[in-house]
Amino acid sequence: GPFMERARSVVRGQDATTPVLYSPSEINNRAARRVGYEYGFLLGEPMAFHAYCVLGTDGDGPTTPFQIDVCHVDDSAQINQRGEDLRRLKTAGFVTQFGAG
């Protein structure tokens, strides 16, 4: 929120055209929760997000068929939620990292 708005102001003070990406918190990404911003937040700037499996992506990541299936369900939930967020915010989105699965 406020930090991202201040950071954007600093960037805009030097550069009027480069996109300033903002993102939901990691817990919101992993849990596929709604991003807490409403239309008008950093208007015109795109939202970046990650698609990480809720089971984690450190080490080997999901290795069993069950874990992989859970990750696929979780991936779908994350992408669907971010789609809703992007429509509400009326902005573009960038998936900037992908987890194992």
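Among contacts in the protein with a separation of 6 or more, 72% are between residues 24 or more positions apart, a contact being heavy atoms within 4.5 Å. This is a predicted model, so local features need pLDDT of at least 70 and side-chain atom pairs count only at pLDDT 80 or more, while totals for chains, interfaces and linings use all residues. Numbering starts from 1 along each chain as its sequence is written, and side-chain values use heavy atoms, with hydrogens and water left out.

**The layout**

The protein has three helices and two strands, and from the N terminus they run α-α-β-α-β. Helices here are DSSP runs of H or I with at least four residues, strands are runs of E with at least two, and both are numbered from the N terminus. Of the 101 residues, 33% are buried. As for the cut-offs, buried is under 20% relative accessible area, exposed is over 50%, and partly exposed is in between (1.4 Å probe, protein chains only).

Helix α3 covers residues 65–89, which is 25 residues. From first C-alpha to last it reaches 36 Å, close to the 36 Å expected at 1.5 Å a residue; the expected span is 1.5 Å times one less than the number of residues. Its buried residues are C71, D74, Q78, Q81, R82, G83, D85, L86 and L89.

What does C71 pair with? C71 forms a disulfide with C53, the sulfur atoms 1.9 Å apart. The cut-off for a disulfide is a pair of cysteine sulfur atoms within 2.5 Å, and a search of the whole structure turns up one. The link is left-handed, at -80° about the S-S bond, and both C53 and C71 are buried.

**Rings around Y37**

There are three aromatic pairs in the structure. Rings of Phe, Tyr and Trp (its six-membered ring) pair if their centres lie within 6.5 Å; planes under 30 degrees apart count as stacked, over 60 as edge-to-face and the rest as tilted. Two of the pairs share Y37, and their geometry goes like this:

| Pair | Type | Centre to centre | Angle between planes |
|---|---|---|---|
| Y22 and Y37 | edge-to-face | 5.5 Å | 85° |
| Y37 and F41 | stacked | 4.2 Å | 5° |

Y22 sits in the loop between α1 (2–14) and α2 (26–30) and Y37 in the loop between α2 and β1, so their pair ties together parts that are 15 residues apart in sequence. Y22 counts as buried because its relative accessibility is 2%; Y37, at 13%, counts as buried too. F41 is also buried, and ring pairs link Y22, Y37 and F41 into a cluster. Setting aside residues up to four places away in sequence, Y37 touches G1, M4, Y22, S23, R88 and L89.

E38 is in the loop between α2 and β1, and it counts as partly exposed because its relative accessibility is 40%. E38 and R88 are 50 residues apart in sequence, yet their C-alpha atoms are 6.9 Å apart in space. Leaving out neighbours within four places in sequence, E38 is in contact with R88 and L89.

Most residues other than glycine have a negative phi. Where do the positive values of L42 and K90 fall? L42, with phi near 45°, lies in the loop between α2 and β1. K90 has a positive phi of about 55° and comes just after α3, in the loop between α3 and β2 (93–98).

Are these two residues buried or exposed? L42 counts as buried because its relative accessibility is 4%, whereas K90, at 63%, counts as exposed. The charged end of K90 sits over the ring of Y39, 4.9 Å from its centre. For that label, NZ of Lys or CZ of Arg has to be within 6 Å of the ring centre and within 35 degrees of the ring normal.
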